[in-house]
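Visitor: I have a structure to walk through. Could you take my questions one at a time?

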Amino acid sequence: MTAALMATTPGGLLLVLAVVVPVIGILALWLVRARDIEWVAIATLAVNLFLSLATLQAVRASDAPLVYLVGGWLPPLGLALRVDGIAAVLMAMTGAIVAVTALYARGQFGFDPQGPERRRPMVFWTMLLAITGALNLIFAGEDLFNLYVALELLTFAAVPLVSLDGSRDTLEAALRYLVFALAGSVLYLLGVAVIYGAYGTLDLVVLSEIRGAEGALLLAIALMTAGLIAKTALFPLHLWLPPAHAGAPAAASAILSALVVKGSFFLILRLWFDLLPPGLGTIGANGLGLLGAGAVIVGSVLALRQARLKLLVAYSTVAQIGYLFLIFPLATGSEAASPFASLAWTGGVLQLLAHAFAKAAMFMAAGLVYEAIGHDRIDGFRGLGRLAPITVLTMTLAGLSLMGLPPSGGFSAKWLMLSASLGEGAWWWAVVILAGGLLAAGYVFRILMPAFSTPDAPAERLHPVALTRELAALSLAVIAILIGFLPLSPWPLLAIGRLIQVSP
Amino acid sequence: MLGLALDLLIAALVIGVALWTVRTRDDFAAIVGFVAYGLLLTLAWARLAAYDVALTEAAIGGGVTGVILLRASIRLKPVATARKPIGARILVGLLCAAISAALAAVVLLPMTPAPSLAIEVRTHLASTGLGNPIAGVLMAYRALDTFLETVVVLLALFGVWSLTPDAAWGGRPAMAVPAAAFGPLPLFGRLLIPVGIVIGVYIVWVGADAPGGKFQGATILAAMWILAMMAGLTQAPSIGRWRLRLLLAAGPIVFLAIGLAGIPLAGAFLAYPEALAKPLILLIEVALTLSIAATLGLLVAGPPDVTPGVEP
Amino acid sequence: MSLATLDAATLYGLMGAVLVGIGLYGIVLHDVFIRRLLAFNLLGGGVFILFGVIARRGAGAGFPGDPVPQALVITGVVVAFCATALAITLIERLAAKDEASDGDDHS
């Protein structure tokens, strides 16, 4: 099986380009004239979107993963890139959200085509491209150390976005985030060392052949999971996330909350479903599910209590990340032919997608609200619906998906997860999912009720906002809703190329 | 037996210094402790016969990291902190001890034979034209890691620059040490810098076949540049200068160009045509050395704080 | 799998295991950022040494150690330095802000 999986496939070059094109964009950004940086960045992200969609199409058409052997060297000596069904879907998601964010961020951060180069646009666009490249590598990477480099790239790109504003609070949030992220990476690296010491390879395809309960493998996966959980902000290691995501400028928050935390989450998925021999992870999977359940409840309750919109949306991310971790007990406990054919697997991926689109839309809307009325205090939202109807519509649609009301991606995800937990007789996860939905309804209505009410005095918009920016945010919310129209059954696409563990 | 006694001494010293670094109340003492830790680790690396790593650890882990920490210690005020409650300390201590014990078990119960890629590295080394196996891993087998690492280094510099005060964007970093504070430094610098440059270039040059290489050599070059800046022999450059940016980007650009040329010429990204492998790798190493030396130097210099056009 | 002989590699492996524990302890229990950063670097040093031990045990084909883990450490050391540089700059900026606001309070 290994040899057949280990050859460059047609279309494999797409994976190299998906990693290299954002890097070319970064290098170009620092060498072109100050007035050209926006279009260089946007053009790079347009090419990236095309590459990610082409990758998705290639995986679907060939019904097989794309593989590229870098330098022509075969693992374990060399490095391979490999994109299977789920990775292709996530790459396309990233490409789309980053491209729309670029449209939203155009002309922001004091960018002045006539003036000298300025710090904030330069940093924003550089880091946006870097996050894109790092995520592409995380989705395509096949070697655990190569993935470590990708994780560090992601961290170094994300942290400066948090402190872009430069205020004391954002500096502290960025520093706290960096400390968590670095501690997470070094634990991950420790796991990499243990795996190399035991198996002499870091290639996930080669490693997926391991059978049996081996102490070194279990220790390594425990260490790496602990590190990645810190980076994903899973409860109780979530404390860094709300100040960091709420303190960043809206366009950056959208990327951090919708995409960056998903990078480390994706690696946990890979470790648990590609590396861990079946049957070994039951206790651990339930433990992850328990932390996820804690995140859903604690995150939602804290979101309910926030006075400011951006903090509320950030705490909502803590809660929505929690749902993702229900995949572990539900997919391993399923009786489907493989975890990847289970309802929970598709439900979890839908949750990831729906949250990414809805949350990016929500943060962009929060930024537009701030521009419209000069603050984001929820108790001052009366009459917002008249001042900024498109933005309030965006928040409504994104909110529907976060709550999980039909029709929306959030509904489909939660419905599939509910069905999975009831089907497996694990009703306690269903209770968590329903409770989380109710709490989410609470915090979404806290925003929408005042926004739809009539103001005591006619309010005025402080600043006009470009229609294209409002439409950019709206388009993401609409996608979050449209995901709800996909069929409510396991997607074969998400099982393509998974390294299915068959008992020996 | 004598060797093992030496190893035991080194290990005990490393652990002792590490404990002291964590436990001391004084932040400055902790920094000094860490610098000593870096130097002692270099000895451990040499005893493990990993001379390339020992050089890297000495130059980067101990050297430049130490300089940057000392830079911070000059600018930071000590903060008084309370110790955590004893219960938390015991709980965390037990958890950490459990992790150490699990790792120790993995160390004491190794796989036999020990897994290794040494034979595979040796088998294919001839086709790269290199004599140093580590250079082979970094520049051929795992060239993608190395390429991305250069991007990481560059991105870290942009991250440091992102903390520039808005008004100073495009300006230059003022070095932390006032030139007047070091009387003999300029003279010392004038004597040392040429020697250092020769050593740095030599380490890069032999890296293809013997212990050494671009990161180690670049660090020494960077150190000479830092010394020159601190001694007031030269100023840190303005970050807005196009030529500086080209210097920083040159390494990744050359690496990427040769890597992409490998697609039509050698059948894969980052593959080298066999006849040209060694010269191409050397070309990449030269470009990377210059870029990395400049990047490391600027990382130590820190973000600009001198507004462009305004001299203090 | 059998008990390792007490040679340099095993000794340094145990040292690495201890360093990991010390570093983790410092990261979790220190409040001051610079101390957490130092603890992170202590921990990193321990992790790298473990790679070195694995390399030493994988000696073969005429090499004193498996070159692959050694190359990984060289990459790792450079990345850790970059992380340290970024963190230090953030720490300095934060301290400068605090100093500036202290000044405001007194005036």
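Guide: What follows is a set of questions and answers on a predicted model.

Visitor: Start with chain B. How many helices and how many strands are there in chain B?
Guide: The elements of chain B, from the N terminus on, run α-α-α-α-α-α-α-α-α-α-α. That leaves the count for chain B at 11 helices and 0 strands.

Visitor: What share of the residues of chain B count as buried?
Guide: The C-alpha atoms of chain B fill a box of roughly 65 × 65 × 35 Å along the principal axes. Take contacts in chain B between residues at least 6 apart in sequence: 74% join residues at least 24 apart. Chain B has 312 residues, and the buried share is 52%.

Visitor: On to the contact of chain C with chain B. Which helix gives the most to the side of chain C that touches chain B?
Guide: The contact takes 69 residues from chain C and 81 residues from chain B. On the chain C side, helix H1 (8–29), helix H2 (33–57) and helix H3 (67–106) each supply at least two residues. With 22 residues, the one that gives the most is H3(C).

Visitor: How many residues of the side of chain C that touches chain B are charged?
Guide: Divide that side by class. It has 46 nonpolar and 16 polar residues, and the charged ones number 7.

Visitor: Now chain A against chain C. Which helix gives the most to the side of chain A that touches chain C?
Guide: This contact takes 20 residues from chain A and 25 residues from chain C. On the chain A side, the elements that give two or more residues are helix H6 (144–162) and helix H7 (168–199). The most, 15 residues, comes from H7(A).

Visitor: How many residues of the side of chain A that touches chain C are nonpolar?
Guide: Set aside the 2 polar and 3 charged residues of that side. The nonpolar count is 15.

Visitor: Within chain A, are helix H12 and helix H13 roughly parallel or roughly antiparallel?
Guide: H12(A) spans residues 282–304 and H13(A) spans residues 309–324. They pack at an angle of about 165°, with their axes 7 Å apart. Angles over 145 degrees count as roughly antiparallel. So H12(A) and H13(A) are roughly antiparallel.

Visitor: Which residue of strand S2 of chain A stands opposite Leu69(A)?
Guide: Strand S1 (residues 66–69) of chain A pairs with S2(A) in the antiparallel sense over 4 bridges. In S2(A), residues 80–83, Leu81(A) and Val83(A) point one way, while Ala80(A) and Arg82(A) point the other way; all are buried. Opposite Leu69(A) stands Ala80(A).

Visitor: Last, Pro492(A). Does it count as buried or partly exposed?
Guide: Pro492(A) lies in the segment after helix H20 (467–482) of chain A. Pro492(A) and Pro406(A) are 86 residues apart in sequence and 23 Å apart in space, C-alpha to C-alpha. A buried residue needs 20 or more other C-beta atoms within 10 Å, and an exposed one has 12 or fewer. Pro492(A) has 13 C-beta neighbours inside 10 Å, so it counts as partly exposed.

Key: Residues numbered from 1 in each chain as written. Chains lettered and ligands numbered in written order. Predicted model: local features only at pLDDT ≥ 70, side-chain atom pairs only at ≥ 80, totals over all residues. Contact = placed C-beta atoms within 7 Å. Nonpolar A, V, L, I, M, F, W, Y, C, P; charged D, E, K, R; others polar. Pairing = 2+ DSSP bridges. Axes fitted to C-alpha atoms, helices over the stretch in contact; angles between N-to-C directions. Parallel < 35°, antiparallel > 145°, perpendicular 65-115°, else oblique.
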